[in-house]
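Please look at the sequence and the structure first.

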Amino acid sequence: MLNDTAFIDGFSEQLTEDYRLAKSYVRDIPTQALVYIRSFTHKLASQLATPHGLIFSSPNLYDRIEQLHSARLIDPPIVRALHRLRSDGNRGAHPEKYHLTQAQLVTIAEKSITNILRLVDKLYPVVHQQVAPSYTFEPFDSFAGRDLCYRAVMNNDAEAQYLVGMSLKAKGLMLQGQEQALAQDADASSTQSKLPSQGEHSTAAEAFAQAGYWFALASLQYQAAIFEHGVSLLHGYRGEVNLSEGEQLIAQAADSGIVEAQALQGFFYLVGSDQFEVDLAQAERLLTLAANAENAEAMSNLGVLYYQAQQFENAFLWINKAAQAGYPNAQYHLALMLADGLGCSSDLAASEQWMFEAAEQGQVDAMLHCGSHILHDDNASQQQRVKAEGYLHQAIKYGHNVSAMIELSVALADGILGRIDVVQAAYLLTLAKTHGNDEHLEVIEPLWQSLAMQIDSVIELNPSEDEMIALQQAKLLLG
């Protein structure tokens with residue numbers, strides 16, 4: 001009986017290599033697996049169009065899937081399946097924007113492989129006019145990482161060196177998130193010295209340093225690595241920041257057609273940088289190139305460019321595309337545009353849906369918006385309030401958002417969440433005071449005084465020993 005790779009090969013030889021590579025990297029480098037899944041989906045869309053003479057009007061994958069649907073070449077279940085693969089593939093390009101752990105990325109990549117096989121099984125009769133053959137699925141393995149390391153070291157293989165660097169970069173980004181969360185927790189309990197060891201590559205700095213080494217080595221022969229080497233210099237992966245050389249390398253990669261480099265250099269021209277002054281014409285050119293190549297961040301920034309120029313219809317077009325691609329920042333801004341009717345008809349229901357989608361994917365402003373909205377809704381259920389608390393904690397964890405600290409402190413002090421926790425409320429106000437600006441401090445000061453008075457009032461009622469300890473701790477935090 002056929003195995004799953006042979007099954008894909010029988011459906012289309014042009015798709016086999018992307019499928020094989022995607023599957024091989026699922027366990028070791030899930031971000032790279034998702035990049036190949038995105039490539040697979042692009043090629044599949046083209047193959048569905050070609051026999052019918054359909055010429056795509058856009059290079060954007062979202063538009064191509066919709067055009068296939070409009071031409072009635074695929075039915076709604078196939079449309080949804082293709083969009084699901086497209087969205088998951090985009091996550092591989094920007095895992096840090098989605099706050100995804102390595103385990104979550106592996107799960108998404110594994111599920112995407114399963115979704116590919118289900119999709120091909122449905123398309124087989126459409127493409128080949130016969131029932132799909134039976135096949136057996138060969139389990140995922142974890143040998144790809146070892147093979148890459150061997151090729152990178154022993155064969156001086158530049159592509160392997162680049163992929164090893166990408167794996168270490170992804171690990172560094174996730175360790176960085178963990179370290180920030182641990183540091184915040186430690187700050188809350190004054191146990192900074194008790195942070196647990198992470199084992200091999202125990203810190204984000206060590207993982208980034210090794211990633212920077214491999215990118216520098218690979219950049220001598222591999223174009224995509226030039227971009228990553230430039231990024232590593234911008235962020236000081238190996239200890240020293242070098243903005244001028246980093247930006248020059250990114251420009252070099254952009255000139256050679258590296259989509260991620262075009263997106264980043266376009267952003268430089270949009271806002272200005274060390275080497276590039278604001279040039280909106282160049283920004284539009286580069287962001288358009290990257291956006292048409294399905295770079296979600298470029299789509300979003302192109303929307304920002306048009307928004308700033310008050311070309312709201314064009315802004316809505318690109319921000320909507322980025323949102324549909326699963327980019328959380330664009331989903332948040334799309335929600336705002338739909339609420340205000342900028343470049344589109346006002347649609348409060350759609351606005352709320354996109355705001356919730358952005359919050360679910362960890363967009364800090366959206367989490368603050370949804371969390372605050374629930375807490376101020378007298379009709380919200382306890383389950384919704386639990387969700388709101390989770391949103392605000394995440395906004396604090398990932399964005400050190402002062403407004404979220406204040407909102408959550410008030411909710412805990414007033415019992416809005418079904419319990420009163422003056423210690424946590426006092427800690428959050430203390431944290432907000434540390435990170436807040438003058439405007440925040442004007443809000444914090446009366447809350448600070450009110451909470452101190454609340455604590456003193458409860459102490460006068462002679463609470464239990466445990467309650468007294470908590471109250472004294474809260475009072476100590478407030479000073």
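## The nonpolar core

The largest nonpolar core has 150 residues, and Ile8, Leu44 and Leu451 touch the most other members. Helix 6 (residues 102-128) supplies the largest share of this core, namely 10 residues. The model described here is a predicted one.

What does Ile8 touch, leaving aside residues up to four places away in sequence? The list consists of Leu15, Thr16, Tyr19, Phe40, Ile116, Leu117 and Val120.

## The chain as a whole

The secondary structure of the protein chain consists of 23 helices and 2 strands. Along the principal axes, the C-alpha atoms fill a box of roughly 80 × 55 × 55 Å. A compact globule of 479 residues would have a radius of gyration near 23 Å, and the 25 Å of the protein chain agrees with that.

Contacts can also be sorted by the distance along the sequence between the two partners. Of the contacts between residues at least 6 apart in sequence, 58% join residues at least 24 apart.

## Surface and charge

Of the 479 residues in the protein chain, 47% are buried. The accessible surface comes to about 23100 Å², and carbon and sulfur atoms account for 50% of that surface.

The protein chain carries 29 positive and 57 negative charges. The mean position of the positive charges and that of the negative charges are 8 Å apart.

## Thr41

Thr41 is part of helix 3 (residues 30-49). Is Thr41 buried or exposed? Thr41 counts as buried because its relative accessible area is 0%, and the cut-off for buried is under 20%.

Not counting residues up to four places away in sequence, Thr41 touches Leu61, Leu82, Leu85 and Arg86.

## Lys169

Lys169 lies in helix 8, which spans residues 158-189. The relative accessibility of Lys169 is 16%, so Lys169 counts as buried under the 20% cut-off.

Which residues does Lys169 touch, if those up to four places away in sequence are not counted? They are Phe208, Ala211, Phe215, Glu228, Val231 and Tyr237.

Definitions and conventions. Residues are numbered from 1 along each chain as its sequence is written. This is a predicted model: local features need pLDDT of at least 70, side-chain atom pairs count only at pLDDT 80 or more; totals for chains, interfaces and linings use all residues. Side-chain values use heavy atoms; hydrogens and water are left out. A nonpolar core is a set of buried Ala, Val, Leu, Ile, Met, Phe, Trp, Tyr and Cys residues joined through side-chain atoms within 4.5 Å. Buried means under 20% relative accessible area, exposed over 50%, partly exposed in between (1.4 Å probe, protein chains only). Helices (H or I, at least four residues) and strands (E, at least two) are DSSP runs, numbered from the N terminus. Contact means heavy atoms within 4.5 Å. The radius of gyration is taken over C-alpha atoms; the globule rule is 2.2 Å times the number of residues to the power 0.38. Accessible areas come from the Shrake-Rupley method with a 1.4 Å probe; for residues, only the protein chains shown count as cover. Lys and Arg count as positive and Asp and Glu as negative; His and the chain ends are not counted. The place of a charge is taken as NZ of Lys, CZ of Arg, CG of Asp or CD of Glu.
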